[in-house]
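Reader: Could we go through this structure together, slowly, with the terms explained as they come up?
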Amino acid sequence: MQRIAKFEKVSIEEFEKGWSDSFGDDKETILSIYEDIKLPKRATSGSAGYDFFAPIDIELKPGETIKIPTGIRVRMEDNWVLKLYPRSGLGFKYRLQLNNTVGIIDSDYYYSDNEGHIFAKITNDTNESRTVTVSKGDGFMQGIFIEYGITVDDDCTGVRNGGFGSTT
């Protein structure tokens, strides 16, 4: 098994920017949420996915969406990507969806001006009028590291500085 990455918290300043944008809240509340952030981890030695844990209680009625600043960043080796998905049970039971279907965290995102802060925008896409409830500290999303290749004639030299849509 290759060890190719390390999860870290973003700085409190970066977390505060992301949290304020999504939820507002005062500095004391934000600091308390930040201090309780758990780094992603696997549930079992056979798990491929690293669980991301909810920083607060989340309740989504049918059709509702929330943008969650995770407070997490990841340093990984070149030629690897972190792919993000809803936790299997939440997707199966409630049709919980990531709004971009699959989140893609490139290795150079770590060096972005937002410190590579990983966000999750999720929607309760139920067809059964079910409310999704995720308690603080419960896994809601999972990340899987995948190695990738490039074409033999690739001559890309661009450098990232940003998140969503920053490379095109």
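Reader: Is Glu128 buried or exposed?
Author: Glu128 counts as exposed, at 54% relative accessibility, where exposed means over 50% relative accessible area, buried under 20% and partly exposed in between, with a 1.4 Å probe and protein chains only. Please keep in mind that this is a predicted model, in which local features need pLDDT of at least 70 and side-chain atom pairs count only at pLDDT 80 or more, while totals for chains, interfaces and linings use all residues. Residues are numbered from 1 along each chain as its sequence is written, and side-chain values use heavy atoms, with hydrogens and water left out.
Reader: OK, and which residue forms a salt bridge with Glu128?
Author: That is Arg130, with the closest N and O atoms 3.6 Å apart; a salt bridge here is a side-chain nitrogen of Lys or Arg within 4 Å of a carboxyl oxygen of Asp or Glu. Arg130 is partly exposed, with a relative accessible area of 32%.
Reader: How many salt bridges does the count come to?
Author: The count comes to 10, and one of them pairs Asp36 with Lys136, whose closest N and O atoms are 2.7 Å apart. Asp36 lies in a loop between helix H2 and strand S2, and Lys136 in a loop between strands S10 and S11, so this pair ties together parts that are 100 residues apart in sequence. Helices (H or I, at least four residues) and strands (E, at least two) are DSSP runs, numbered from the N terminus.
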